[in-house]
Amino acid sequence: MKIRRLLRILHRDFGYFIVAMTVVYGLSGIFLNHRHDFNPDYKIFITDFQITGNLNADASVDEIKSVLESLDRKVVYKKHYLNNQRMIKIFIENGEIVINPEKGKGTMHYLQKRPVIFEMNKLHKASIGTLWKWVSDIMATVLIFVAVSGLFLLKGKRGFSRWGWWLTIAGIVVPLFFVIVYM
């Protein structure tokens with residue numbers, strides 16, 4: 001079997017294999033590139049509220065839980081303490097609440113996972129475990145193979161030796177430009 005034919009077969013089959021993972025990595029890469037513009041993993045809800053009744057600065061866990069039950073959003077209590085500004089800071093699952101015990105005013109910061117995007121970003125960052133890290137490495141290796149084997153698939157004036165060479169050089173120049181200018 002000629003090497004070009006073998007490369008064509010492997011390029012095609014590996015290409016089919018990596019389509020879904022490439023889409024996941026591409027989309028999550030776009031989201032992660034814009035992580036300074038918005039939080040790609042979580043929606044952040046900030047809610048101000050007023051509690052009824054009194055709340056002492058040294059409120060017990062049961063008193064705090066009673067206040068949390070009166071909120072519009074159902075939250076899970078973790079722990080609380082009185083901070084230096086004499087505000088009760090309550091840690092809840094996926095957020096925190098600060099209550100001024102003298103005025104009864106509170107603010108809740110609540111994080112909600114962005115469905116699908118959160119999971120894609122976890123995959124992209126390879127932060128779900130060792131096994132996925134190895135799958136991700138294999139994916140990267142196959143992606144490199146598909147990219148390099150694609151250089152040698154076409155012959156003639158649109159092949160790598162003529163047309164493709166110039167485009168490949170352009171693909172090297174773009175990241176090199178940013179490395180030289182910004183680093």
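Author: Happy to! Let's settle on Ser28, which sits in helix 2, the helix made of residues 19-33. Please keep in mind that this is a predicted model.

Is Ser28 buried or exposed? Its relative accessible area is 0%, and because buried means under 20%, Ser28 counts as buried.

Now look at what surrounds this serine. A polar atom of the Ser28 side chain lies 2.8 Å from the backbone oxygen of Val24. Further along the sequence, once the neighbours within four places are set aside, Ser28 is in contact with Met120, Asn121 and His124.

Domain 1 is made of two stretches, 1-36 and 117-152. Taken over C-alpha atoms, the centres of domain 2 and domain 3 are 57 Å apart.

Before you go, have a look at the largest pocket, with its volume of about 170 Å³. Among the residues lining this pocket are Thr47, Asp48, Phe49, Gln50, Arg73 and Met108. Strand 1, residues 42-50, gives the largest share of the lining, with four residues. Sorted by class, the lining has four nonpolar, four polar and three charged residues.

Definitions and conventions. Residues are numbered from 1 along each chain as its sequence is written. This is a predicted model: local features need pLDDT of at least 70, side-chain atom pairs count only at pLDDT 80 or more; totals for chains, interfaces and linings use all residues. Side-chain values use heavy atoms; hydrogens and water are left out. Domain bounds come from an automatic or database domain assignment. Helices (H or I, at least four residues) and strands (E, at least two) are DSSP runs, numbered from the N terminus. Buried means under 20% relative accessible area, exposed over 50%, partly exposed in between (1.4 Å probe, protein chains only). A polar contact is a pair of N or O atoms within 3.5 Å; within protein, one must be able to donate a hydrogen and the other to accept it, and residues adjacent in sequence count only if both atoms are side-chain atoms. Contact means heavy atoms within 4.5 Å. On a 1 Å grid over the protein atoms alone, a cavity is a set of points where a 1.4 Å probe fits but cannot get out, and a pocket is an open set with protein on both sides within 12 Å along at least five of seven lines; lining residues have an atom within 4 Å of a point. Grid points are joined across faces, edges and corners, and a volume is the space filled by probe spheres set on the points. Ala, Val, Leu, Ile, Met, Phe, Trp, Tyr, Cys and Pro count as nonpolar, Asp, Glu, Lys and Arg as charged, and the others, Gly among them, as polar.
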